[in-house]
Amino acid sequence: MYEVIFNTHDVVLLMTAYQCILFALLLLTIKREHYIRNVFLAFFLLQQAAIPLDILISFGEEFRHIAIEWSPNLFYVFGFGYWLEGPLLLWYTRSLIYKDYRLKFTDVIYLLPFILYVGYQLIFYYSLDVSDKKTIQEQYDLALAPQVMNYVTLFREIFRVALGIICLVEIKRYTQHIRTNFSDIDKIDLTWLKILVIGFLVIRFWAVLVAAMIILAIGFGISTDFETMGLLGNYTTFLLVSVLIFFGLGHSSVFEGLEQKNNNEPEPIKDEQEPESQKDKIKPELIEQISRYMDAEKPYLTPALTLEKLAGQLKIQPRLLSNIINRHFDCNFFEFINSYRVEEAKRMLADNRYSDKTMLDIMLDVGFNSKATFNTLFKKKAGMTPSEYRRAVQPAAV
């Protein structure tokens with residue numbers, strides 16, 4: 001990285017920045033649906049483009065000389081991106097998993113490190129004369145730089161890791177939420193988001209290690225190869241960005257098929273209509289009402305059945321219904337509904353009247369939308385696959 005302009009390491013950094021800028025612009029100008037989440041992702045990509053540019057200017061031998069001659073004000077500008085990565089990734093994650101997500105005033109707390117760092121640079125660097133800035137950059141040496149900045153860098157990487165962990169917590173919480181409120185979760189695909197969050201979290205753990213190695217090498221004289229470690233981090237980032245952009249960008253369908261509201265569905269009763277003292281009590285008549293309704297009306301045959309829709313049909317509160325399902329039936333909503341679907345499938349498979357129906361027909365008739373989910377849940381409950389079950393109960397039909 002210290003030899004010639006446009007060496008291999010420089011090209012990797014430039015390609016990373018180019019990819020991020022290109023697709024950020026595409027998100028902002030072409031992809032109009034889900035605009036808020038696209039804005040968060042676009043700014044996250046622009047921030048990702050700023051980091052390799054900062055590395056080029058700060059540590060690329062030729063790029064550093066060019067920046068000094070052109071304008072010493074270029075130094076640290078792109079470095080602000082480091083402090084924005086965590087908040088932007090968190091906001092994008094929340095916008096993807098929470099419908100109609102909007103920033104709140106409390107979200108400013110995630111920008112405090114960025115604000116403090118900007119303030120520090122404005123006071124101690126950008127307020128200087130151009131000649132003084134040039135002198136600082138021409139004489140810059142990592143080994144001679146203020147040691148406190150190495151600890152600031154370590155804090156920066158730990159901060160990014162912390163927000164990445166918060167993103168994982170949000171995803172885990174949402175995964176639990178959808179299994180509690182939706183019976184059909186096959187169209188809710190969090191794979192791309194998980195790769196994004198986990199991928200950058202791994203890279204930021206690596207950056208923490210590099211920052212610690214710099215402190216050990218410069219502050220304590222312990223020999224570490226932090227330069228090679230840093231280069232490996234740059235290459236890994238380039239590969240991750242390439243994979244995310246070319247194989248996954250725009251394909252996450254978190255709410256596909258679940259946002260539509262049927263105006264004919266009855267509205268669930270609001271929680272405040274039930275006295276607080278009664279909320280945790282499960283009345284036997286409610287259990288009987290739910291079981292009778294499930295057997296008689298078979299609402300589970302509707303693929304996109306949700307907790308709110310079923311609560312509206314039963315005219316009880318969603319929270320109370322969820323509480324009854326969890327405590328009395330000892331399962332979540334997803335398991336509760338699909339257990340009825342499996343039983344319905346077993347009944348149809350055992351009935352000679354449906355012997356001409358294919359397995360796909362039966363799967364769709366009982367409310368499943370995914371063959372994989374149907375087979376997995378059926379085998380879990382019946383101890384065999386649907387095909388095996390049909391052969392067992394209708395040997396003459398085979």
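This is a predicted model: local features need pLDDT of at least 70, side-chain atom pairs count only at pLDDT 80 or more; totals for chains, interfaces and linings use all residues.
Start with helix α2, residues 35-59, and helix α3, residues 61-70. Their axes come within 5 Å and cross at roughly 85°. Angles of 65 to 115 degrees count as roughly perpendicular, so that is how α2 and α3 stand to each other. On the α2 side, the contact is made by Leu-56, Ile-57, Ser-58 and Phe-59. On the α3 side, Glu-61, Phe-63, Arg-64 and Ala-67 meet them. Five of these contact residues are nonpolar, one is polar and two are charged.

Gln-137 sits in helix α6, residues 130-138. Is Gln-137 buried or exposed? Its relative accessibility is 2%, so Gln-137 counts as buried.

Now move to helix α8, residues 191-219, which holds Leu-209. Leu-209 is partly exposed, with a relative accessible area of 41%. Leu-154 lies 55 residues away along the chain, yet the two C-alpha atoms are separated by 8.7 Å.

Salt bridges come next. The structure holds 13 of them. One joins Glu-85 to Arg-204, with the closest N and O atoms 2.7 Å apart. This pair links distant parts of the chain: Glu-85 is in helix α4, residues 81-97, and Arg-204 is in helix α8, 119 residues apart. Both Glu-85 and Arg-204 are buried.

Other salt bridges stay within one helix. In helix α10, residues 284-297, Arg-292 and Glu-288 are four residues apart, so about one helical turn separates them. Their closest N and O atoms are 3.2 Å apart. Arg-292 is partly exposed at 48% relative accessibility, and Glu-288 is partly exposed at 49%.

Helix α13, residues 333-350, holds Glu-343 and Lys-346, three residues apart, or about one turn. They form a salt bridge whose closest N and O atoms are 3.5 Å apart. How do the two partners stand for burial? Glu-343 is partly exposed at 37% relative accessibility, whereas Lys-346 is buried at 18%.

Salt bridges can also share partners. Which residues do they join into one network? The members are Glu-85, Arg-156, Glu-157, Arg-160 and Arg-204.

Notes. Residues are numbered from 1 along each chain as its sequence is written. Side-chain values use heavy atoms; hydrogens and water are left out. Axes are lines fitted to C-alpha atoms, for helices over the stretch in contact, and angles run from 0 to 180 degrees between N-to-C directions. Helices (H or I, at least four residues) and strands (E, at least two) are DSSP runs, numbered from the N terminus. Angles under 35 degrees count as roughly parallel, over 145 as roughly antiparallel, 65 to 115 as roughly perpendicular and the rest as oblique. Contact means heavy atoms within 4.5 Å. Ala, Val, Leu, Ile, Met, Phe, Trp, Tyr, Cys and Pro count as nonpolar, Asp, Glu, Lys and Arg as charged, and the others, Gly among them, as polar. Buried means under 20% relative accessible area, exposed over 50%, partly exposed in between (1.4 Å probe, protein chains only). A salt bridge is a side-chain nitrogen of Lys or Arg within 4 Å of a carboxyl oxygen of Asp or Glu.
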